[in-house]
Amino acid sequence: MSTHRPLVTTPFTSASTAADVLRGVDLTGVRAIVTGASSGIGAETARALACAGAEVTLAVRNPVAGDAVAERIAASAGGVRPRVARLDLADRAGVARFAGAWSGPLHLLINNAGVVTGGLERTREGWELQFATNHLGHFALAAGLHDALALGAGDRDGARIVSVSSTAHMRSGIDFGDLHFERRPYDPQLAYAQSKTANSLFAVEATRRWASDGIVANAVNPGGVATGLQRNFTARQKASLDAAEAAGIFTYKTVEQGAATSVVAAVAPEFAHSGGHYLDDGQEAYTVPNDADLAQHPHGVKEWALDPAIAQRLWTVSTELLGG
C-alpha cells in the first residue's frame with residue numbers, strides 16, 4: 001500500500017515544542033479533552049492548549065494527580081484552571097459515564113493515555129489490559145463523544161481527534177485470531193505494539209466514517225520521551241529500549257518536544273480537514289512495507305497500521321467486543 005500523493009508537511013521538526021506549534025494561535029472557544037493528562041506528554045499537551053486559550057478537560061485515572069497538574073497549568077495560563085474528570089479507560093462503565101456526562105460541543109479529543117505492563121494483566125472481561133486500555137477504551141470514548149464532536153465541528157469548521165501511537169507499532173500488526181493472548185505466549189512488547197497499531201488504524205477508519213460529520217482523526221508518534229509510561233518496564237523491555245537508542249532508532253526528546261506532534265495534529269491548518277494519517281516529528285510519515293526493518297526506518301509507518309481493510313475489520317471487532 002504505497003503512498004502516491006505528496007505527504008502532508010508542516011514547518012515543524014523534531015526539535016519543535018508544543019509552544020512553538022501554538023505560537024500566534026488563539027484557541028479561545030475551543031473545548032478540548034486530553035486523556036492521561038496527569039503527567040508526561042498529556043500534561044504538557046493540556047498545558048500548551050490551555051495557554052493558547054482552550055477550555056481543557058483533563059481526563060485522568062487519578063483525579064488527585066490531575067488536580068495538581070490543573071493547578072500548575074492555571075499558574076502558567078493566566079489563572080484559567082482546566083477541569084479535571086475521572087476516566088479509567090479499562091472500565092467500560094466509567095468510559096460510558098464520562099461520555100454521557102459531557103455537555104455541549106467538543107472540538108478536540110486528544111487520546112493520549114496509555115499503559116505498559118511488564119506481564120499479562122487482564123480486565124474484568126478477560127481482555128488483555130494494554131489493548132483494552134490503549135485501544136478499546138479510547139475507541140469507546142470517541143464513539144461516546146461522536147455527537148459532541150459533530151456539534152463542535154458545526155460551530156468551528158471541523159473537529160479533530162488525535163490518537164497517540166508509537167514507533168512500537170512497527171513490531172506487530174493486529175492478530176485477529178488471538179487479540180487477547182489467550183493461546184499464544186504473552187509478550188508485553190508485542191501486546192503494546194498491537195495496541196499502538198490499533199491506535200493508528202482507529203484514525204484511518206474514524207476519518208472514513210466521520211469526515212462527513214466534519215470530524216477527522218490522525219495518529220501521532222510523539223517520539224522517545226522519558227515519562228511515567230516506562231515505570232512498569234521489565235529488565236528485558238528496558239534493555240530493548242536501550243538497544244534501540246544505541247542503534248540510533250530514536251533520540252530522547254523533552255516532554256515539550258514530545259507533545260509537539262500531538263499539537264500539530266490538533267491545530268495545524270494542514271490537518272484541519274485531512275485525516276487517516278500517521279504523523280512523526282510534525283510531518284506525515286512515509287509508509288514502509290510490513291517486513292521493513294525498524295532500525296532502517298525509525299520515522300516510517302508500516303502498511304498494516306494504515307490499511308483501510310484492516311481498519312474496517314478492527315472497528316467491527318471492537319464494536320462487537322464492546323457490545324455495540
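Helices (H or I, at least four residues) and strands (E, at least two) are DSSP runs, numbered from the N terminus. With that in hand, welcome to a predicted model, in which local features need pLDDT of at least 70, side-chain atom pairs count only at pLDDT 80 or more, and totals for chains, interfaces and linings use all residues. Residues are numbered from 1 along each chain as its sequence is written, and side-chain values use heavy atoms, with hydrogens and water left out. Let's begin with helix packing and then visit some single residues.

**Helices H5 and H7**

- Two packed helices are described by the angle between their axes and the distance between the axes.
- Helix H5 covers residues 129-144 and helix H7 covers residues 188-210; they pack at an angle of about 15 degrees, with their axes 7 Å apart.
- Here, axes are lines fitted to C-alpha atoms, for helices over the stretch in contact, and angles run from 0 to 180 degrees between N-to-C directions.
- H5 and H7 are therefore roughly parallel to each other; angles under 35 degrees count as roughly parallel, over 145 as roughly antiparallel, 65 to 115 as roughly perpendicular and the rest as oblique.
- The residues in contact (heavy atoms within 4.5 Å) include Phe 139, Ala 142 and Ala 143 in H5, and Ala 198, Phe 202 and Trp 210 in H7.
- By class, this contact of H5 with H7 has 10 nonpolar, six polar and one charged residues.
- For these classes, Ala, Val, Leu, Ile, Met, Phe, Trp, Tyr, Cys and Pro count as nonpolar, Asp, Glu, Lys and Arg as charged, and the others, Gly among them, as polar.

**Helices H7 and H11**

- The axes of H7 and H11 come within 8 Å and cross at roughly 90 degrees, which makes H7 roughly perpendicular to H11.
- Among the residues that meet here are Leu 201, Phe 202 and Trp 210 in H7, with Ile 310, Leu 314 and Trp 315 in H11.
- The contact of H7 with H11 divides into 11 nonpolar, one polar and three charged residues.

**Aromatic rings**

- A pair of aromatic rings is described by the distance of the centres and the angle of the planes.
- Rings of Phe, Tyr and Trp (its six-membered ring) pair if their centres lie within 6.5 Å; planes under 30 degrees apart count as stacked, over 60 as edge-to-face and the rest as tilted.
- The structure holds six aromatic pairs.
- In one of them, the ring centres of Phe 139 and Trp 315 are 4.8 Å apart and the planes stand at 75 degrees, so the pair is edge-to-face.
- This pair links distant parts of the chain, with Phe 139 in helix H5 and Trp 315 in helix H11 (residues 308-321), 176 residues apart.
- Phe 139 counts as buried at 6% relative accessibility, and Trp 315 is buried with a relative accessible area of 9%.
- Buried means under 20% relative accessible area, exposed over 50%, and partly exposed in between (1.4 Å probe, protein chains only).
- Trp 210 and Trp 315 also form an edge-to-face pair, 5.4 Å centre to centre with 85 degrees between the planes.
- Trp 210 lies in helix H7 and Trp 315 in helix H11, so this pair ties together parts that are 105 residues apart in sequence.
- Ring pairs link Phe 139, Phe 202, Trp 210 and Trp 315 into a cluster.

**Two aspartates with positive phi**

- Asp 157 sits in the loop between helix H6 (146-156) and strand S5 (159-164).
- Phi of Asp 157 is near 60 degrees, a positive value in a residue other than glycine.
- Asp 157 is exposed, with a relative accessible area of 57%.
- Asp 281 is found in the loop between strand S7 (278-280) and strand S8 (283-284).
- Asp 281 is not a glycine, yet its phi is positive, at about 50 degrees.
- With a relative accessible area of 15%, Asp 281 is buried.

**Buried places**

- Leu 106 belongs to the loop between helix H4 (92-101) and strand S4 (108-111), and is buried, with a relative accessible area of 0%.
- Leaving aside neighbours within four places in sequence, the contacts of Leu 106 include Ile 33, Leu 145 and Ala 159.
- Ala 18, in helix H1 (residues 18-22), is buried as well, with a relative accessible area of 0%.
- Not counting residues up to four places away in sequence, Ala 18 touches Glu 44, Ala 48, Glu 256, Ala 259, Ala 260 and Val 263.
- Helix H10 (residues 260-267) is mostly covered, with eight of its eight residues buried; Ala 260 and Val 263 are among them.
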